[in-house]
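Open the model in your viewer and colour it by confidence. The stops below go from the whole chain to single side chains.

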Amino acid sequence: MDRKLSEKAEIEQLIRLSGAARACLGTEAAALRKRLDFPNRVRASLTARPATWMAGSLATGLLASLMVRRRPRRAAPPARRGAILGLLGLTLTAAKPLAKIWFANQLKNWMTRPSHPSPAPRPLAGPQSF
């Protein structure tokens, strides 16, 4: 009979142990489910700290715009010219307005002149007295 009691006690001990393991596994499963529920975690974080999320999104947008932005090409430094070429360039720059005025006057004269010149006057037909 002794043996039956020890088996009974062992079975009861195993039942208690399995109940405790089941309870422990239940709480761990609930904790894992809560950790893997990303939509609820994000929603809770947004409502708890909205200023942090706004600052983070602002920083992320700024970094993204800096990474995507095209950098301007650096212009090559202008070549050094000699004195003669420099004077020639200065003369052409100064003569440009004068050339525009002269061409405008030539165009105006060309536009105002008649397109078909009138024929030269003919001498009158008739007796010639010389």
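Start with the confidence colours: helix H3 (residues 50-68) has the highest mean, at 92, and H1 the lowest, at 87. The score is pLDDT, the predictor's confidence in each residue, from 0 to 100. This is a predicted model: local features need pLDDT of at least 70, side-chain atom pairs count only at pLDDT 80 or more, and totals for chains, interfaces and linings use all residues. Residues are numbered from 1 along each chain as its sequence is written, and side-chain values use heavy atoms, with hydrogens and water left out. Over the chain, the mean pLDDT is 84, and 84% of residues reach 70 or more.

Next, switch to cartoon. The chain has four helices and zero strands, in the order α-α-α-α. Helices (H or I, at least four residues) and strands (E, at least two) are DSSP runs, numbered from the N terminus.

Now show the surface. The accessible area of the chain is about 13,600 Å², with 66% of it on carbon and sulfur atoms. These areas come from the Shrake-Rupley method with a 1.4 Å probe; for residues, only the protein chains shown count as cover. Of the 130 residues, 1% are buried. Buried means under 20% relative accessible area, exposed over 50%, and partly exposed in between.

Select Leu-32, in helix H1 (residues 2-36). Is Leu-32 buried or partly exposed? Its relative accessible area is 46%, so Leu-32 counts as partly exposed.

Last stop: Trp-102 and Phe-103. Aromatic pairs have ring centres within 6.5 Å; planes under 30 degrees apart are stacked, over 60 edge-to-face, the rest tilted. By that rule there is one aromatic pair. Trp-102 and Phe-103 form it edge-to-face, 5.0 Å centre to centre, with 65° between the planes. Trp-102 has 49% relative accessibility, so it is partly exposed. Phe-103 has 55%, so it is exposed.

Technical notes:
Rings of Phe, Tyr and Trp (its six-membered ring) pair if their centres lie within 6.5 Å; planes under 30 degrees apart count as stacked, over 60 as edge-to-face and the rest as tilted. Buried means under 20% relative accessible area, exposed over 50%, partly exposed in between (1.4 Å probe, protein chains only).
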